[in-house]
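Reader: I'd like to go through this one with you and ask what stands behind the labels. Could you show me the chain to start with?

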Amino acid sequence: MIKNNSKNTNTVASVDGEYTPLFTKNYNVYINHTDAGGIVYHANHLVFFENCRRDWFGELNLNGYFLQTDDGEIQHFVVSQADLQYKRAILLDEVISVRIDKVELKPASIIFYQSIYRNSPDSLSSDYANASSLLSSGKIVIACVQNQVKTKPLSNSKADTAVASAPPMRPIRVPKHLRDAIEQAIHEQLDT
């Protein structure tokens, strides 16, 4: 295995150029994922990618989406870019393998390169080598932001009623403990 040494990039690649996924998980395709024709609705590819990222954070013992600072400020991630390529249809009742292929850590964002594969019918394990057919791939950028929610009283209502104004958010650096956990997971993958 070799590590891509470009600045702020953390990837795992094999010598032949194929990526060894950082994380892979199998998901069942249910009727609620599909359109009337039994094909997974295009937006649900994003749902599977999101579920995979959340499951990976969970495996790393992180709640990587909602973090609270010592000052009580709420930090979280929002998707700022999604670039998907659809290759083949995902069908009702299939078992698909969703991967995190590569991660790039930036100062205030994390870039995920993800893919979905159809599992070969004879194997339902989460071993990435058993996945046989690329169904879609995507580059998902999640930006780290901090809410700055303030409440203001309503002018035309009861004095005791307050409503939250639109939550202004500002970009912030990816928290150190989250960055460290992701870098450790990448280094552990390099050692395997």
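Author: Let's start with Lys102: its charged end sits over the ring of Tyr113, 4.4 Å from the centre. One caveat: this is a predicted model, where local features need pLDDT of at least 70, side-chain atom pairs count only at pLDDT 80 or more, and totals for chains, interfaces and linings use all residues. Residues are numbered from 1 along each chain as its sequence is written, and side-chain values use heavy atoms, with hydrogens and water left out.

Reader: What makes Lys102 count as sitting over the ring of Tyr113?

Author: The rule asks for NZ of Lys or CZ of Arg within 6 Å of the ring centre and within 35 degrees of the ring normal. Lys102 has 4.4 Å to the centre of the Tyr113 ring and is listed as sitting over it. Arg99 does likewise with Tyr117, at 3.7 Å from the ring centre.

Reader: How do you know that Trp56 and Phe57 are stacked?

Author: A pair of aromatic rings is described by the distance of the centres and the angle of the planes. Rings of Phe, Tyr and Trp (its six-membered ring) pair if their centres lie within 6.5 Å; planes under 30 degrees apart are stacked, over 60 edge-to-face, and the rest tilted. The count comes to 4 aromatic pairs. Trp56 and Phe57 have 5.9 Å between centres and 25 degrees between planes, so stacked it is.

Reader: And why is the pair of Trp56 and Phe112 called edge-to-face?

Author: Their planes are 90 degrees apart, with 6.2 Å centre to centre, so the pair falls in the edge-to-face class. This pair links distant parts of the chain, with Trp56 in helix 1 and Phe112 in strand 7, 56 residues apart. Helices (H or I, at least four residues) and strands (E, at least two) are DSSP runs, numbered from the N terminus. Trp56, Phe57 and Phe112 form one aromatic cluster.

Reader: What makes a set of residues a nonpolar core?

Author: Its members are buried Ala, Val, Leu, Ile, Met, Phe, Trp, Tyr and Cys residues joined through side-chain atoms within 4.5 Å. The largest one here has 34 residues, and Trp56 and Phe112 are among those with the most contacts inside it. Elements giving two or more residues to this core include helix 1 (44-59), strand 7 (109-119) and helix 2 (176-191).

Reader: Strand 7 holds Ser115. How do you know that Ser115 makes a polar contact with Asp101?

Author: A polar contact is a pair of N or O atoms within 3.5 Å; within protein, one must be able to donate a hydrogen and the other to accept it, and residues adjacent in sequence count only if both atoms are side-chain atoms. The side chains of Ser115 and Asp101 come to 2.7 Å, so the pair qualifies. At 2% relative accessibility, Ser115 is buried.

Reader: What about Asn119, buried or exposed?

Author: Asn119, also in strand 7, has a relative accessible area of 6%, so it is buried. Its side chain makes a polar contact with that of Asn26, at 3.0 Å.

Conventions: Buried means under 20% relative accessible area, exposed over 50%, partly exposed in between (1.4 Å probe, protein chains only).
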